[in-house]
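Keep the structure open beside you as you read.

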Amino acid sequence: MNLVELAEQNVEKFGEISKLVYEDRKYTNLEILKEANKVAHGLKNIGIKPGDKVIVMLMNSPEVLITYQGILRAQAIIIPTIFLLGPKEVAHIMKNSDAAAVITTKAFLDNINSAREGIKSLKHVIIVEDEEVPETISLSKLTKDCPEEAPAMDIGDDDLAVILYTSGTTGVPKGVMLSHKNLYSNAVSSYEVRDEWDPDDVNLFVLPLSHSFGLTVMNLGFMLSSINVLMPWFDLEQACRLIEKYKVTGFAGVPAIFSIILNSPDVTDKYDLSSLNDCASGSAPLPVEVIKQFEEKFDCIILEGYGLSEASPVVTSHYRERPRKPGSIGQAIPGIKIKIVDEKDEEVETNEVGELVVFGDNISPGYYKLPEKTKECFRDGWLYTGDLAKMDEDGYVYIVDRKKDLIIRGGFNIVPRDVEEVLYQHPSIIDAAVIGVPDKIFGEEIKVYAVLRPGDEMSGDDVIEHCKKYLADYKCPKLVQFLNELPRNAIGKVLRKELRKLSES
């Protein structure tokens, strides 16, 4: 159960095949494997030892797949890092992880150099460009004359493969430790969600491979013979062009991507997107209205699921061959147990709300250097997600909201998603988020942040009146603010802490 076997098994099972397309160039599975072996030897040659940590800070590219596999083959640990982070956040990751090396690009060197000041563990900065740059080594120089055969490896199932730093939406980023078994088992379980996979599928990689969702999509890709079209970063027009050119049949995305595509007819109507068959959505709740409209417009189903970094990340999914229930995040994927518990840690009845907890080979051993936080969230092998949920009689799970995002108004519990689903039903509202703000009388009051369709107009009173048609009075917002766009992290999740800061200004 280790990740280096995925690349080797792909070649053994399917032979040498085209596996990746990037900027219209094709890469074979064997080419990726050989280059990864060369990276592993190169890293060992500069002193990277088993258990050392190597940061990879790149936009999506073939080098990400190659260096990830190379790091693992050197028995080191990958630290995937989203390139949008500032020097302060990068410095925290470098220092907290005790990183020995960074693999990056010239474009991010100023950021890297600012962040690394005073960090003694960092010995090497490797750039993907074939250039001489002071205080760096090029990837081509690192791998020059290195053998294409795999180095000797002794990797255990429980050896760490990745330390993945959370986005920090609720505080300082925490390093989630993920073992080979965690990630390998999650890829296998994700594979088993479908009865069969079409070898002629063409998948578009739009998720950052530095994120847990993108990581598992990448790992799952090694189990299939289908070809993957890789984008450096999601761009609407480029995505549509690639879907048309390569007859893409599906992609895994976050809710913001589906909303952008749905609400951009000026772009999407220019391209033939009829090859789309089914897509997967995760990372945040996907509004039911978005699912309905997307499927009607593009004749493409969306299989919504749920996961979190601490679970490698996939926990639930809609199965392709089973009934779908809009608003649900599906059922537990194979090999994973889930239950809904109350504050006394006892299972609640069917359709009652409680905290979602998860058990399986995919569950992280904990947070790096945070033993107290680990004890709080990981108990007897179960992950306490902090998400409020309910489960129906068929095992379908419905996320109600984050425990920390619950709004308590005058003693009544209000979940933001209940209000947000109503907001999305209005044709002029294309994006929305709800938070609780302090109130002297009720403790908290409900505030809406909304983004309107270009050219449409609404007042705050219009929004409130719309909500009153569908919600009990105590659930109706009293405050409304319009924005050009909602603040989101690199993966597209709404940053409620930024909205709270905005409400205080």
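This is a predicted model: local features need pLDDT of at least 70, side-chain atom pairs count only at pLDDT 80 or more; totals for chains, interfaces and linings use all residues.

## A covered helix

In α8, the buried residues are Ser212, Phe213, Gly214, Leu215, Thr216, Val217, Met218, Asn219, Leu220 and Gly221.

## The nine-strand sheet

Which sheet does α8 pack on? An open sheet of nine strands runs in the order β2-β1-β11-β10-β12-β13-β14-β15-β16, with mixed pairing. At its edges stand β2 (25-28) and β16; each has a single partner strand, so one side of each is left without a neighbour in the sheet. Helix α8 packs on this sheet, where it touches β1 (18-22), β10, β11, β12 (250-253), β13 (278-281) and β15. The direction of α8 makes about 150° with that of β12.

Strands of a sheet pair through backbone hydrogen bonds, either parallel or antiparallel. Both kinds can be found here. Strand β10 (residues 202-205) and strand β11 (residues 227-230) run parallel and are joined by four bridges, with Asn203 standing opposite Asn228 in β11. Helix α9 (residues 236-246) lies across β1, β10 and β11, and runs at about 165° to β10.

Gly305 has Ser317 in β15 as its bridge partner. Ser317 also has a partner in β16, namely Gln331. Strand β15 pairs with β16 (residues 331-332) in the antiparallel sense, over two bridges.

What kind of peptide bond joins Ser312 and Pro313? The bond is cis, with omega about -5°. Pro313 sits in the loop between β14 and β15. This hairpin has six residues between its strands, and Ser312 takes a positive phi near 75°.

## The three-strand sheet

A separate heading goes to the open sheet of three strands, ordered β25-β26-β27 with mixed pairing. Its edge strands are β25 (429-439) and β27 (479-482), each pairing on one side only. From one strand to the next, the twist averages 25°. Strand β26 (residues 443-452) and β27 run parallel, with four bridges between them; Lys447 has Leu479 in β27 as its bridge partner.

Two helices pack on this sheet. Helix α14 (residues 416-423) touches β25 and β26, and its direction makes about 145° with that of β25. Helix α15 (residues 460-468) touches β25, β26 and β27, and its direction makes about 125° with that of β27.

## The nonpolar cores

Which residues touch the most other members of the largest nonpolar core? They are Leu204, Phe251 and Leu423, in a core of 131 residues. Setting aside residues up to four places away in sequence, Leu423 touches Ile429, Ala432, Val434, Val448, Val463, His466 and Cys467. Another core lies apart from the largest one; it has 23 residues, including Ile55, Leu109, Val125 and Met177.

## Around helix α4

Helix α4 (residues 87-97) has Val90, Ile93, Met94, Asn96 and Ser97 as its buried residues. Their cover includes β3 (53-56), β4 (77-80), β5 (101-104), α5 (109-115) and β8 (160-165). Just after α4, Asp98 takes a positive phi of about 60°.

## The second largest pocket

How much space lies in the second largest pocket? The value is about 580 Å³. The lining of this pocket consists of 25 residues, with Ala256, Ile260, Asp431, Glu485 and Arg488 lying nearest its centre. The elements giving two or more residues to the lining are α10 (255-262) and β25; α10 gives the most, with four.

## Two exposed residues with positive phi

Glu23 is not a glycine, yet has a positive phi of about 50°. Its place is in the loop between β1 and β2. Is Glu23 buried or exposed? Its relative accessibility is 62%, so Glu23 counts as exposed.

Asp145, in the loop between α6 (139-143) and β8, has a positive phi near 65°. Asp145 is exposed because its relative accessible area is 75%, and exposed means over 50%.

Technical notes. Residues are numbered from 1 along each chain as its sequence is written. Side-chain values use heavy atoms; hydrogens and water are left out. A nonpolar core is a set of buried Ala, Val, Leu, Ile, Met, Phe, Trp, Tyr and Cys residues joined through side-chain atoms within 4.5 Å. Buried means under 20% relative accessible area, exposed over 50%, partly exposed in between (1.4 Å probe, protein chains only). Contact means heavy atoms within 4.5 Å. Two strands pair if DSSP finds at least two bridges between them. Axes are lines fitted to C-alpha atoms, for helices over the stretch in contact, and angles run from 0 to 180 degrees between N-to-C directions. On a 1 Å grid over the protein atoms alone, a cavity is a set of points where a 1.4 Å probe fits but cannot get out, and a pocket is an open set with protein on both sides within 12 Å along at least five of seven lines; lining residues have an atom within 4 Å of a point. Grid points are joined across faces, edges and corners, and a volume is the space filled by probe spheres set on the points.
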